[in-house]
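Take a look at the fold below. Trace the chain slowly from its start before reading on.

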Amino acid sequence: MDFFKNTKNIVFDITSNCKLQCAQCVRNQYGYRTIENLDLVDLSFEDFRMIVDRDIVDLDLHMINFQSGWGDPCANDDLINMLGYLAEKRNDLVVKIGTSAYHQDKEFYKKLANELNKFYFHTVDVKFYGFTDNCFFRVGTDDRCYTHL
């Protein structure tokens with residue numbers, strides 16, 4: 001990975017799964033419909049571990065950003081294990097997570113907080129796009145997003 005030796009920040013998409021259909025999302029067409037034939041897959045814990053061991057451990061990295069680009073990272077059931085493994089290897093990192101907080105229950109978010117507290121610094125950006133009439137249209141949302149946190 002010599003090409004990436006000066007990399008300071010990585011954006012890591014660990015899933016293409018998401019139950020929502022937010023208008024602004026790259027996954028969706030016409031503002032509400034998921035792209036036809038989009039492969040809905042999760043990065044496995046084993047593949048994540050391989051990437052961390054092979055590529056991330058030796059980088060002079062500052063931050064890993066688990067954002068919801070093609071899917072919501074909290075929709076990947078291995079996220080907690082991934083963060084635990086990453087903390088064992090590189091707890092000096094800043095970890096950011098972008099989520100709708102829709103995909104899991106309160107117990108998951110408690111575990112998420114425990115894993116994130118192992119890192120030097122962390123943030124969780126909860127995205128509430130589409131919750132008002134004058135904002136983007138979001139299909140599938142309800143008050144669950146608020147009650148999960």
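Predicted model: local features only at pLDDT ≥ 70, side-chain atom pairs only at ≥ 80, totals over all residues.

Residues are numbered from 1 along each chain as its sequence is written, and side-chain values use heavy atoms, with hydrogens and water left out.

The protein has four helices and eight strands. Both are DSSP runs numbered from the N terminus: helices are H or I with at least four residues, strands are E with at least two. In order, the elements read β-β-β-β-α-β-α-β-α-β-β-α.

Four strands build an open sheet, ordered 1-5-6-7, with parallel pairing. Strand 1 (9-11) and strand 7 (121-126) are its edges, each pairing on one side only. Two strands pair if DSSP finds at least two bridges between them. Neighbouring strands of the sheet are turned by 10 degrees on average, direction ignored. Such axes are lines fitted to C-alpha atoms, for helices over the stretch in contact, and angles run from 0 to 180 degrees between N-to-C directions.

Zoom in on one pair. Strand 1 joins strand 5 (residues 63-66) in the parallel sense over three bridges. Here Ile10 stands opposite Ile64 in strand 5. Next comes a helix. Helix 3 (residues 106-116) packs on the sheet and touches strand 6 (94-99) and strand 7. Its direction makes about 160 degrees with that of strand 6.

Finally, how much is buried? Of the 149 residues, 40% are buried, meaning under 20% relative accessible area with a 1.4 Å probe, protein chains only.

Note on methods:
Contact = heavy atoms within 4.5 Å. Buried < 20%, exposed > 50% of the residue type's maximum accessible area, 1.4 Å probe, protein only.
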